[in-house]
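Here is a short briefing for a reader meeting this structure for the first time. Start with the view below, then work through the topics.

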Amino acid sequence: MKRSIALIDVNNFYVSCERVFNPKLNNQPVVVLSNNDGCVISRSNEAKVLGIKMGAPWFKSQELARKHHIESLSSNYALYADMSNRVMAILRDFSPNQEVYSIDECFLDLTGFKDLTAYGQEMRNRILKWAGLPVCVGIGSTKTLAKLANHCAKKMPEFNGVCDFGALADDELNTLLMKIEVGEVWGVGRRLTSKLLALGIKTAYDLKQAEPEYLKQQFSVVMAKTVSELNGTVCIELEEIAPPRKQILSSRSFGQPVRDYSSLAEAITLYMSRAAEKLRVQGSVAGLLHVYIRTNPHKPDDPQYANGMTISLPSPTDDTLQLVKTALWVLKRLYKRHYAYAKAGVSLGDLIPRTSAQIDLFTQTQSNRRSQKLMSTIDQINSKMGRASIKLASEGMRYDWKMRSGRKSPNYTTSWDGLLYVY
DNA sequence: TCTGGGGTCCTAGGACCC
DNA sequence: TCTGGGGTCCTAGGACCC
């Protein structure tokens, strides 16, 4: 049977979340900034019209911002994560098969369902009513087509927010695809776009008509799959259960340059503690640990230094104490004085489920059990009493190096202090 | 003054083995 | 002068996504 897959996506997600709790932002140009208030990562339509680009360094737009009174906000991930959970829960009622693809979008399998356009409108209405957020719905017989349909739903007003490719005749669909630039296709980024253009493939339709074998040879199997998906052959399945991560990263740019070892050590302790928490949430242990530090590459006149080191752990672990200890040992070897460091990070790799981990010959099982008990106690307290209620002393108290986040909205939905007052 | 963070997959090439 | 062939594993780098 022909599949029907929907992609539902919140419009301008972060900005829309902010607007739910601060309606003054409606109809105004608004942007949400990345960590450290560095780049623009979400824009209202009004801000897009003014020419603010996605990912652009915010300090370069200051003049434009002043001239047009663009509101800028620091990102508030606690708020966005909570709003995301609400949207996903609402959508779960519309299909037994859901894949949460990112913080603001999910796929639903609607195969066999009737009147899909009306069904999509129902989703839009309910999410607007229950969560206060605007969404668009794209429907196609593969994920790639659903993505493209979603693009049409967003950009072409005649669809009124819901576009079902399945409801179009073949030639209607082809005419539509001729209007879409090839770079809009899922999986085709900037580099591939320019290579495709050089081959004379300019639109989504051109790509659909291309010979898969030829493209496989010119590019890779990924591109060949994309072409098949455009032609309605499913190559990318719906993944209802998220597979465990193969790698866990934690890194941040500093709010100001950091020179001293002790601040770097505090940062590394914090990042590794976070990474270890994530590791335990998914029930894995790590066999590989990586630490890196670097100066600011955007200041080429300053002395530059960037270095990282990967360590294979003697036996895979999820113990914060052990991971932090190893990370600090690595940091000592990487650190050089007299540099202005801008960023540091850690990552954990070679992740395997804790239950199938090989315990090395010399690890005493008793200390192993004690460590597990300690970690789960810390995790429980922190989840109940708030993040970092218990933390390692080497994380420090001063946080001179912490990122800037000057214009963050309150945690409206996840903290009593952030609760909205109505007078 | 000021340029994010967290992921995945694929490929080419080198090392090594028999 | 002549310098095999086939296979696996690992890593770095490049591409993409949100």
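Helices (H or I, at least four residues) and strands (E, at least two) are DSSP runs, numbered from the N terminus. This is a predicted model: local features need pLDDT of at least 70, side-chain atom pairs count only at pLDDT 80 or more, and totals for chains, interfaces and linings use all residues. Residues are numbered from 1 along each chain as its sequence is written, chains are lettered from A and ligands numbered from 1 in the order in which they are written, and side-chain values use heavy atoms, leaving out hydrogens and water.

- Two strands pair if DSSP finds at least two bridges between them.
- Strand E9 (residues 248-258) runs antiparallel to E12, joined by 7 bridges.
- Strand E10 (residues 284-295) also pairs with E12 in the antiparallel sense, over 8 bridges.
- Ala344 in E12 is the bridge partner of Arg252, and Ala344 is also the bridge partner of Ile293.

**A three-stranded sheet**

- An open sheet of 3 strands has the order E3-E2-E4, with mixed pairing.
- Strand E3 (40-43) and strand E4 (71-74) stand at the edges with a single partner strand each, so one side of each has no neighbour in the sheet.
- From one strand to the next, the twist averages 30 degrees.
- Axes here are lines fitted to C-alpha atoms, for helices over the stretch in contact, and angles run from 0 to 180 degrees between N-to-C directions.
- Strand E2 (residues 30-33) pairs with E3 in the antiparallel sense over 3 bridges, and Val31 stands opposite Arg43 in E3.
- Helix H1 (residues 13-21) packs on the sheet and touches E2, E3 and E4; contact means heavy atoms within 4.5 Å.
- The direction of H1 makes about 110 degrees with that of E2.

**Around DNA strand B**

- A residue is near a molecule or strand if one of its heavy atoms lies within 4 Å of it.
- DNA strand B has 24 residues around it, and Ser34, Leu249, Ser251, Arg252 and Ser253 come nearest.
- Of the atoms of DNA strand B within 4 Å of the protein, 75% belong to sugar and phosphate.
- A polar contact is a pair of N or O atoms within 3.5 Å; within protein, one must be able to donate a hydrogen and the other to accept it, and residues adjacent in sequence count only if both atoms are side-chain atoms.
- A polar backbone atom of Leu249 lies 2.6 Å from a phosphate oxygen of DNA strand B.
- An N or O atom in the side chain of Lys299 is 2.8 Å from a phosphate oxygen of DNA strand B.
- E9 gives the most to the surface near DNA strand B, with 6 residues.

**Around DNA strand C**

- DNA strand C is surrounded by 13 residues, the closest being Ser102, Lys147, Gly189, Arg191 and Leu192.
- Sugar or phosphate accounts for 100% of the atoms of DNA strand C within 4 Å of the protein.
- A polar side-chain atom of Arg191 is 2.8 Å from a phosphate oxygen of DNA strand C.
- Strand E5 (98-102) and helix H8 (190-198) are the elements that give two or more residues to the surface near DNA strand C.
- H8 gives the most, with 3 residues.
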